[in-house]
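Student: I am new to this structure and would like to learn how to read it. Could we go through a few features one at a time?

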Amino acid sequence: MRISDGRHYIDGSWVPGAATAPVTEKATGAEIGTYALGDAADVDRAVAAAVRAQPAWAALLGEERAAVLRRAAAILERRADEFEEMLMRETGGVRGKARGEINAAIGKFLESASLARRAGGDLLPAFKPGKLILNQRVPLGVVAAIIPWNFPIVLALRPLGPALALGNTVVLKPAELTPIAGGQLLVEVLEEAGAPPGVINLVTGDGPDAGEPLAAHPDVAMIHFTGSTEIGRLMARIAARDFKRTSLELGGDNALVVLDDADVEAAASCGAWASFEFQGQTCITAGRHIVHESVADAYTDALVAKARALTVGDPFDAGVRLGPMISEGQRDRVDDLVARSVKMGARLVEGGTHDGLFYRPAVVTGVTPDMPLFTEETFGPVAAITVVSSEEEALELTNRCPALVNSVYTGDLMRGLAFAERVRSGMVHVNDAMGRPTGEEDIDEFTQRRWIGIQRAPLTWEVSS
Ligand code: NAI
Ligand code: MG
């Protein structure tokens, strides 16, 4: 395996950073590489390269850009074992999570390649005799992609795949906790696939020193950011200064509702998965379990049994389902949310202890809507249970917090549909949780319209009297 050695990738060259910092394996703390601590000067060089490369990249046939992305998919498939191992070390996720991410990334490369062939424009109705009106679809220019640490490859590809397919060039800024798999290795794949110099650039480093100058750079046309709501707000403010396009994929305080007629065993298995998968560190994690009183005891018992059965440890050890949390900061944040809720009267009935970054999955009961576990995104392996006495109450509590995706468990699918139609999140699952499709909307997101009116025979003009 090639070990990250602290370089940016700018204009087709691997350039050493002026300063570097270590990348650690999350389960062991061992140093597995270094990354360059980029600054505004690195960002300037990367954006300039992306600006220079963009017109020629956009002028290629869509099929030629698609071919680069298809080759990248094949290279990622060939190198899947190496990527899987690095993802496990760098994120602390287990093999199944890493494998799932790589498969999703291969799919995203291929789906993006197909966009290059499908993104056409329109011919609009004429409003004057002899006029031909083209409504073309053109790239935005340079896209800044700022990525978090939880799914470093697939979340990088969400902007990168469609942006490149549609004729944009990209400067990628991965998270400082995971700069290798979704930064250096991913860029190596695109380099080998034949992306011309400047089309994809990598600047590693921390948020304020590397991410912020990138977002603020006047030659960046779009900020694509995935991460915390707080930094998302900052990105929106920065974008407003120059009216940049933004795509902000932020957090949510997602609910899983269990109605009185639900299959409790199935709901609890889904609840455990949705709260504990990858240590609860995903944007679609179920942070709130809103459960009808008639099934609350059975649901809690089933969830506790499932939490207890999960082995926490080094993801490379056999039988381990939950690896370490990503950082001490994230662990302490989760600890604090639990402690403050317990102080307000919640009961920690399972887990919630830790050994270093290894956190036992927790079940907390008696959570009321005023407690931090209810009002804040937990982003850790904690299932917080709130008991309700009616479907109306469940709906009202679900809608009290902003969420990306909510779920409802019921034995009656029409009841589930009716409930889902009154839930305010953009995504709702009935008898399932998590998961999210992407696709067609990428074409609108990573292009803009250019309207061209062609007058076939020149008109004679007179100023109105
Ligand atoms: P973060 O939002 O600070 O980091 C995400 C990315 O933004 C990283 O690449 C980081 O370097 C960059 N960044 C940070 N500050 C920046 C700035 N001033 N300008 C430009 N870029 C900047 O997230 P963090 O600190 O890792 O996690 C904090 C919380 O965010 C978590 O507890 C969780 O609630 C949420 N989160 C949500 C994610 C999601 O998938 N929606 C992913 C990661 C975190
Ligand atoms: Mg942060």
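Student: Which residues of the largest nonpolar core touch the most other members?

Tutor: A nonpolar core is a set of buried Ala, Val, Leu, Ile, Met, Phe, Trp, Tyr and Cys residues joined through side-chain atoms within 4.5 Å. Buried means under 20% relative accessible area, exposed over 50%, and partly exposed in between, with a 1.4 Å probe and protein chains only. In soluble globular proteins, nonpolar side chains tend to be buried together. Here the largest core has 65 residues, and Phe109, Leu172, Leu190 and Ile200 touch the most other members. Helix α5 gives the most to this core, nine residues. Domain 1 (7-250 + 438-455) and domain 2 (254-430) both contribute residues, so the core lies between them.

Student: What kind of model is this, and how is it numbered?

Tutor: It is a predicted model: local features need pLDDT of at least 70, side-chain atom pairs count only at pLDDT 80 or more, and totals for chains, interfaces and linings use all residues. Residues are numbered from 1 along each chain as its sequence is written, chains are lettered from A and ligands numbered from 1 in the order in which they are written, and side-chain values use heavy atoms, with hydrogens and water left out.

Student: What does leucine 190 contact?

Tutor: Contact means heavy atoms within 4.5 Å. Leaving aside neighbours within four places in sequence, leucine 190 is in contact with Leu69, Ala72, Phe109, Leu160, Leu164, Ala195 and Ile200. Apart from this core lies another, of 29 residues, among them Cys270, Ala286, Ala296 and Val363.

Student: Where is proline 162, and is proline 162 buried or exposed?

Tutor: Helices (H or I, at least four residues) and strands (E, at least two) are DSSP runs, numbered from the N terminus. Proline 162 lies in helix α5 (residues 152-165). Proline 162 counts as buried because its relative accessibility is 0%. Not counting residues up to four places away in sequence, proline 162 touches Lys108, Ser112, Leu115, Leu157, Asp442 and Phe446.

Student: How many residues of each domain are in contact with the other?

Tutor: Domain bounds come from an automatic or database domain assignment. In this case 19 residues of domain 1 are in contact with 22 residues of domain 2. The domain centres, taken over C-alpha atoms, are separated by 32 Å.

Student: How many disulfides are there?

Tutor: A disulfide is a pair of cysteine sulfur atoms within 2.5 Å. By this rule the count is zero. For cysteine 270, the nearest cysteine sulfur is that of cysteine 283, 16 Å away. Cysteine 401 has its closest cysteine sulfur in cysteine 283 as well, and at 16 Å this is too far for a bond. Cysteine 270 is buried, at 5% relative accessible area, and cysteine 401 is buried at 11%.

Student: Which way do strands β5 and β6 run?

Tutor: Two strands pair if DSSP finds at least two bridges between them. β5 (residues 122-124) and β6 (residues 131-139) run antiparallel, joined by three bridges. Leucine 123 stands opposite leucine 134 in β6. The two strands form a hairpin with six residues between them, and glycine 130 in the turn has a positive phi of about 75°. β6 also pairs with β21 (residues 447-455), in the antiparallel sense, over nine bridges.

Student: Which way do β19 and β20 run?

Tutor: β19 (residues 405-409) and β20 (residues 427-430) run parallel, with four bridges. Valine 405 stands opposite methionine 427 in β20.
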